[in-house]
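Visitor: I have a model open and want to learn to read it. Where do we start?

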Amino acid sequence: MNQHKGSCLCGKVTFEVRGDFQSFYLCHCRFCRKDTGSAHAANLFAPSATLHWLTGEHLVKTFDYQVSGHIKSFCKECGSALPNVQQDGSLVVVPAGCLDSEVPIRPNAHIFAADKANWDHDLQHIHVFDGLPE
């Protein structure tokens with residue numbers, strides 16, 4: 001069984017996901033753009049995995065947007081996105097960026113592309129810096 005470790009930005013919340021990720025989607029829906037502040041969310045889905053909080057579980061807040069199916073968990077201290085369990089416990093959803101271990105699969109697809117931000121196109125043509133530009 002695969003084990004994946006992760007944490008929030010401040011390091012007060014740590015977790016482990018035991019099991020395999022079945023899919024990896026880049027979601028462009030308006031909810032995901034709002035809650036990430038970015039062009040899309042990058043979430044891993046694991047229907048057969050289990051989520052175990054190692055430290056800081058009391059700092060995890062879960063927000064269910066008007067029972068729309070859009071659920072986000074985050075650290076109350078630093079605001080970092082964290083995993084959550086959905087669909088009555090049958091699905092673990094993990095924001096890919098909160099993993100400290102390597103992400104073992106590549107994204108399967110962009111989803112909700114019809115909701116894509118108007119500035120989210122031809123990005124391969126803009127400057128690329130290895131760090132902060134001077």
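Guide: Start with a definition: two strands pair if DSSP finds at least two bridges between them. Keep in mind that this is a predicted model.

Visitor: How many bridges join β1 to β2?

Guide: In general, strands of a sheet pair through backbone hydrogen bonds, either parallel or antiparallel. Here 5 bridges join β1 to β2, and the two run antiparallel.

Visitor: In what sense do β9 and β10 pair?

Guide: Antiparallel, over 3 bridges.

Visitor: On to the rings. How many aromatic pairs are there?

Guide: The general idea is a distance test: ring centres must lie within 6.5 Å. By this rule there are 4 aromatic pairs. Plane angles then sort them, with edge-to-face over 60 degrees. The centres of phenylalanine 15 and tryptophan 53 are 6.0 Å apart and the planes stand at 75°, so this pair is edge-to-face. It links distant parts of the chain: phenylalanine 15 is in strand β2 (residues 14–18) and tryptophan 53 in strand β5 (residues 50–55), 38 residues apart.

Visitor: Is phenylalanine 15 buried or exposed?

Guide: Buried, at 0% relative accessible area. Tryptophan 53 counts as partly exposed at 22%.

Visitor: What class does the pair of tyrosine 25 and phenylalanine 45 fall into?

Guide: Their centres are 5.7 Å apart and their planes at 55°, so the pair is tilted. Tyrosine 25 in strand β3 and phenylalanine 45 in strand β4 are 20 residues apart, another link between distant parts of the chain. Tyrosine 25 is partly exposed, with 28% relative accessibility. Elsewhere, Phe31, Phe63 and Tyr65 form one aromatic cluster.

Visitor: What volume does the largest pocket have?

Guide: About 660 Å³. The elements that give two or more residues to its lining are β3 (23–27), α1 (30–36), β4 (41–46), β7 (71–75), β8 (81–82), β9 (84–86) and β10 (91–95). In total, 36 residues line the pocket, with Cys32, Ala41, Asn43, Ile71 and Val93 nearest its centre.

Visitor: How many of the lining residues are charged?

Guide: 4 are charged, alongside 20 nonpolar and 12 polar residues.

Visitor: Last, the backbone. What is phi of phenylalanine 112 near?

Guide: Most residues other than glycine have a negative phi. Phenylalanine 112 has a positive value, near 55°. It lies in the segment after β11 and counts as exposed at 52% relative accessibility.

Visitor: And where is aspartate 122 found?

Guide: In the segment after β11. Aspartate 122 is not a glycine, yet its phi is positive at about 55°. Its relative accessible area is 46%, so aspartate 122 is partly exposed.

How values were computed. Residues numbered from 1 in each chain as written. Predicted model: local features only at pLDDT ≥ 70, side-chain atom pairs only at ≥ 80, totals over all residues. Heavy atoms only, no water. 1 Å grid on protein atoms, 1.4 Å probe; cavity = no way out; pocket = protein on both sides within 12 Å on 5 of 7 lines; lining within 4 Å. Points joined across faces, edges and corners; volume = space filled by probe spheres on them. Helix = DSSP H or I, 4+ residues; strand = E, 2+ residues; numbered from the N terminus. Nonpolar A, V, L, I, M, F, W, Y, C, P; charged D, E, K, R; others polar. Phe/Tyr/Trp six-rings, centres within 6.5 Å; stacked < 30°, edge-to-face > 60°. Buried < 20%, exposed > 50% of the residue type's maximum accessible area, 1.4 Å probe, protein only.
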